[in-house]
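Welcome, and please open your viewer with the selection panel at hand. We will go from stop to stop, selecting a few residues each time and looking at what is there.

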Amino acid sequence: MTAQPTVSTLSELADRFALHRAKLFAIAHRTLGSPWSADDALQEVWIRLQRAKTAEIDNLEAWLTTVVSRVCIDMIRQQASRREEHDDLDASLERAVVGAADSTDPAHRAMRSDDLALAMQVVLDTLGPLERLALVLHDVFALSYDDIAPIVERTPVAARQLASRARARVRAVDVTTVRARHEVAIAAFLEAARDGDFARLLQMLDPEIEVRSDPTAVQASSAGAAHGAPLLADRVRGADAVARVFAGRAALTRPVLVGGVPSAAYITSAGVNALYLVGFQAERIVTIDVLANADHLSLWTFDRS
């Protein structure tokens, strides 16, 4: 990373932060698995940046990458302390044999970014925070292990081993099969929603499903309710409540791939109005994140599924 000028005013600081926001969001989202958690992480990074001695920051991009990574580590540990066996990645890793982690070996090259995103979604809860970060920073953002080491507070050798452990779990995922199953499930969900098939919707939804929507999506839903828009709220929990949100109300929603991950989008002649990021667990839909804010939409790339 090249050195950048220091910043002095709050307005200039905000402009500099905005330049790196997409990358920071991508790191946080890949690591945390939730756009809402990623937003929280970026808010915390912004707070820390305002408190920092910016005149002493030689490379703002590197500083922000380090801070968002460490914020993600803290958030994962706070939210999943029960998984101590994954979080307790101590100095014993530095003594591990790392020959199998050689990234020059074709068998251990990074997966395609799209495949990695989907595989990470499947195995995320089995990875500790340092494993997640080491893999994301190396395989997605091409940071060297020398650069990753101080971020995860390990030696380069140990950072490499962290990524190798995560990569082994990720590579065990049959991405092609998972993508196909999820595409079929989302298409079936949308069909049942359009048909108003309440019983079929219930069969596809996890009993504890949660739908979270940003304020723009909620406002648009309220304005378009008379024209068949889903009846969104900030949060809707439970299969019965979620089925009522979508039953008979998905006429303009179509399957798409968001960064290679099967999802859905509310599409009109004006373009994409909202994205529906769909999470699965045990082949049932367990989360739907609805994003309609322009700032949110600008952070994603998608293709028709």
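Start by selecting helix 6: its buried residues are Pro 129, Leu 130, Glu 131, Arg 132, Leu 133, Ala 134, Leu 135, Val 136, Leu 137, His 138 and Asp 139. That makes 11 of its 12 residues buried, so the helix is mostly covered. Keep in mind throughout that this is a predicted model.

While helix 6 is still selected, try the distance tool on its end C-alpha atoms, which are 16 Å apart. At 1.5 Å a residue, the 12 residues of the helix should span 16 Å, so the two values agree. Then step past the end of the helix to Ala 142, whose phi is positive, near 60 degrees.

Next, go back into the helix and pick Glu 131. Which side chain does Glu 131 meet in a salt bridge? The partner is Arg 169, with 3.1 Å from N to O. Colour by element and you will see that this pair links distant parts of the chain: Glu 131 sits in helix 6 (residues 129-140), Arg 169 belongs to helix 8 (residues 156-171), and 38 residues separate them. Is Glu 131 buried or exposed? Its relative accessibility is 0%, so Glu 131 counts as buried. Arg 169, on the other hand, has a relative accessible area of 28% and is partly exposed.

Now move to the strands and select Glu 210 together with Arg 235. These two form a salt bridge, and their closest N and O atoms are 3.6 Å apart. Arg 235 lies in strand 2 (residues 235-237) and Glu 210 in strand 1 (residues 205-213), so the bridge ties together parts that are 25 residues apart in sequence. With a relative accessible area of 40%, Arg 235 is partly exposed.

For the last stop, select Glu 44, Arg 48 and Asp 74. Salt bridges that share partners join these three residues into one network.

Terms used
Residues are numbered from 1 along each chain as its sequence is written. This is a predicted model: local features need pLDDT of at least 70, side-chain atom pairs count only at pLDDT 80 or more; totals for chains, interfaces and linings use all residues. Side-chain values use heavy atoms; hydrogens and water are left out. A salt bridge is a side-chain nitrogen of Lys or Arg within 4 Å of a carboxyl oxygen of Asp or Glu. Helices (H or I, at least four residues) and strands (E, at least two) are DSSP runs, numbered from the N terminus. Buried means under 20% relative accessible area, exposed over 50%, partly exposed in between (1.4 Å probe, protein chains only). The expected span of a helix is 1.5 Å times one less than its number of residues.
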